[in-house]
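Hi,

Here is the structure I promised to pass on. Have a look at it first, and my notes on what turned up follow below.

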Amino acid sequence: MVAVIGTFSFNTTPSVVFGAGSAARLGEIAAAQLGRRVLIVTDQGLVAAGLVAPAVSSLEQAGCAVSVFDKVVADPPESVVLEAVECGAGFGADAVIGLGGGSSLDVAKLVALLLRSGERLADIYGIGQVRGKRLPLLLSPTTAGTGSEVTPISIVTTGAHEKKGVVSPVLLPDIALLDPELTYGLPAPVTAATGVDAMVHAIESFTSTSANRNPISAALATEALRLLAGNISAAAHRGDHDARGKMLLGSMLAGQAFANSPVAAVHALAYPIGGHYGIPHGLSNALVLPAVLEFNLPAAESAYAELAPHAFPDLAREPSSSRAAAFIRRLAALSSDLGLPPRLRDVGIPADAVPMLAREAMKQTRLLVNNPRPLEEANVAAIYEASW
Ligand SMILES: [Fe+2]
């Protein structure tokens with residue numbers, strides 16, 4: 001994809017700790033490298049699943065004082081971020097650990113920043129608006145999807161439905177701790193949807209028209225797609241532990257890719273579906289993925305053809321003239337095999353919602369500028385209709 005190596009920058013989380021059972025080292029790592037008064041940002045589901053208690057005892061055994069904020073919800077609203085900041089300030093936190101899915105990690109990033117810098121959340125939306133520094137921060141994902149542990153992005157729901165992003169290298173944590181054991185208990189639909197999200201990160205990063213599109217992201221994206229597409233079925237259908245480890249690694253590589261060569265129209269069209277109808281982020285992506293890629297085909301055919309054998313090795317034998325189209329068909333078939341609902345109507349979205357969704361998607365200019373084929377509102381509406 002990257003024919004000429006131009007000028008680019010590449011930033012990622014400086015320290016990655018990976019391995020089954022590595023969460024048991026949380027206390028040791030935090031006490032030595034983060035701080036002694038640790039705020040854990042997580043959700044109640046993880047507390048109930050018993051994944052938070054071992055983290056707390058590991059930290060306490062290492063001599064840390066711990067406070068747990070467990071009120072993160074999917075598509076976290078601003079109020080949750082502010083409440084977590086208040087909780088951390090009251091506790092006197094000098095370090096933050098995010099433990100959970102993308103929502104908990106996104107909130108943890110903002111909490112670490114706002115606790116130290118004192119900035120107002122309303123002032124830092126957008127790209128590069130952060131001025132201050134953050135507290136020491138470790139992020140440990142419990143889904144193989146967002147790659148949030150290696151991205152400089154936090155997404156917050158503002159007002160009733162709209163999503164806004166804070167994008168700044170300051171949000172990259174000091175440490176990403178990836179323990180595949182934390183993902184062993186994930187239900188199949190969550191494994192499938194979050195895994196498709198990670199695959200979309202790899203695909204959209206590879207075809208991004210961002211000025212910072214770069215060969216490191218391209219290399220990471222192809223390896224991510226190989227790991228994700230090759231293991232998502234075994235992880236979702238059988239909970240295979242080796243496959244889950246490869247998914248977690250793949251989602252991180254895809255995160256490193258799109259953190260530097262950002263995602264595009266699939267995500268822009270997915271956000272209003274999540275914001276207005278509460279559809280999980282990964283599923284929102286899966287619902288519009290085939291139609292967006294079909295639309296992009298005239299501009300991205302060679303890139304999709306290049307990606308195809310990384311995801312589906314047998315497509316190497318497909319004639320190059322039909323390989324990109326076959327890639328899109330196979331992605332749709334994979335979603336269906338994973339049991340994900342294929343159409344917007346299947347998740348309760350009415351046909352007459354299309355104009356509103358298209359209007360909302362057009363606001364995601366941060367993402368739309370990276371799409372390989374430019375989109376007008378009428379194109380976006382046609383994609384939603386094709387996905388309905
Ligand atoms: Fe995503």
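Starting with a helix pair: H12 passes H14 in a right-handed crossing (right-handed if the near helix is turned clockwise from the far one by less than a right angle, left-handed if anticlockwise). Helices here are DSSP runs of H or I with at least four residues, strands are runs of E with at least two, and both are numbered from the N terminus.

Before the rest, some ground rules. This is a predicted model, where local features need pLDDT of at least 70 and side-chain atom pairs count only at pLDDT 80 or more, while totals for chains, interfaces and linings use all residues. Residues are numbered from 1 along each chain as its sequence is written, and side-chain values use heavy atoms, with hydrogens and water left out.

Back to that pair. The axes of H12 (residues 354-361) and H14 (residues 377-387) come within 9 Å and cross at roughly 130°, which makes H12 oblique to H14. Axes are lines fitted to C-alpha atoms, for helices over the stretch in contact, with angles from 0 to 180 degrees between N-to-C directions. Oblique is what remains once angles under 35 degrees (roughly parallel), over 145 (roughly antiparallel) and 65 to 115 (roughly perpendicular) are taken out. On the H12 side, the contact (heavy atoms within 4.5 Å) includes Val 354, Pro 355 and Leu 357, and on the H14 side Val 380, Ala 381 and Tyr 384 are among the partners. The residues of this contact divide into 8 nonpolar, no polar and 3 charged (Ala, Val, Leu, Ile, Met, Phe, Trp, Tyr, Cys and Pro are nonpolar; Asp, Glu, Lys and Arg charged; the others, Gly among them, polar).

Then there's the sheet. It is open, with 6 strands in the order S1-S9-S6-S4-S2-S3 and parallel pairing (a pair needs at least two DSSP bridges). S1 (15-18) and S3 (65-69) are the edge strands, each pairing on one side only. Neighbouring strands are turned by 20° against each other on average, direction ignored. Inside the sheet, S4 (residues 95-100) and S6 (residues 137-141) pair over 5 bridges, and Gly 100 stands opposite Pro 141. Helix H5 (residues 102-117) packs on the sheet, touching S2, S4 and S6.

Last, salt bridges: 10 in total, counting a side-chain nitrogen of Lys or Arg within 4 Å of a carboxyl oxygen of Asp or Glu. One of them joins Asp 174 and Arg 134 at 2.9 Å, N to O. These two sit 40 residues apart, in the S8-S9 loop and the S5-S6 loop.

Cheers
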